[in-house]
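The sequence and structure come first.

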Amino acid sequence: MAALRRPAVHVGAEHDDGSGTGRQPIEIERKYLVVGDAWRAQVGSSTRIVQGYLARGEVTVRARVRGDRAYLTIKGRTQGIARSEFEYEIPVPDAEAMLTELAEGPVLEKTRHLIDVGGLDRPLLAGLEQA
């Protein structure tokens, strides 16, 4: 297992399970610096991501193409280590148009590598991202 140190690179986010319990979707993002390349042997899958921010401030709006799907994400104000997050699937051509016409700043391309981290009370999927 790769050694992890806090803080630096985005490793993953935890969200409400979407079970319909009426809870607001919450993002708790934990960032770590991954040391070495040992994690590469544990990668289960990798996905190309292209994303851009349509609005930045206390509330953030992002368009993202992840693999063959696209999403519009609205993130609320950060409170401690958590913030509200609402994500909606949208047509890929719409997301591509938003990235071309509406993105503030550069459009980012990265790869998310998914790793199953065992030995915990519940499954944890770490997403290591490389710009």
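## Terms and basis

Exposed means over 50% relative accessible area, buried means under 20%, and partly exposed lies in between (1.4 Å probe, protein chains only). The model is predicted: local features need pLDDT of at least 70 and side-chain atom pairs count only at pLDDT 80 or more, while totals for chains, interfaces and linings use all residues. Residues are numbered from 1 along each chain as its sequence is written, and side-chain values use heavy atoms, with hydrogens and water left out.

## Glu58

Glu58 counts as exposed because its relative accessibility is 56%. Glu58 sits in the loop between strand 3 and strand 4; strands (E, at least two residues) and helices (H or I, at least four) are DSSP runs numbered from the N terminus.

Beyond residues up to four places away in sequence, Glu58 touches Lys75, Gly76 and Arg77, where contact means heavy atoms within 4.5 Å. The side chains of Glu58 and Arg77 are joined by a polar contact of 2.5 Å. Such a contact is a pair of N or O atoms within 3.5 Å; within protein, one must be able to donate a hydrogen and the other to accept it, and residues adjacent in sequence count only if both atoms are side-chain atoms.

## Thr60

Thr60 belongs to strand 4 (residues 60-66) and counts as buried because its relative accessibility is 12%. Its contacts, not counting residues up to four places away in sequence, are Tyr53, Ala55, Thr73, Ile74 and Lys75.

## Nonpolar core

The largest nonpolar core has nine residues: Val50, Leu54, Ala63, Val65, Ala70, Ile90, Ala95, Met98 and Leu99. Strand 3 (43-55), strand 4 and helix 1 (92-101) each give two or more residues to this core. A nonpolar core is a set of buried Ala, Val, Leu, Ile, Met, Phe, Trp, Tyr and Cys residues joined through side-chain atoms within 4.5 Å.
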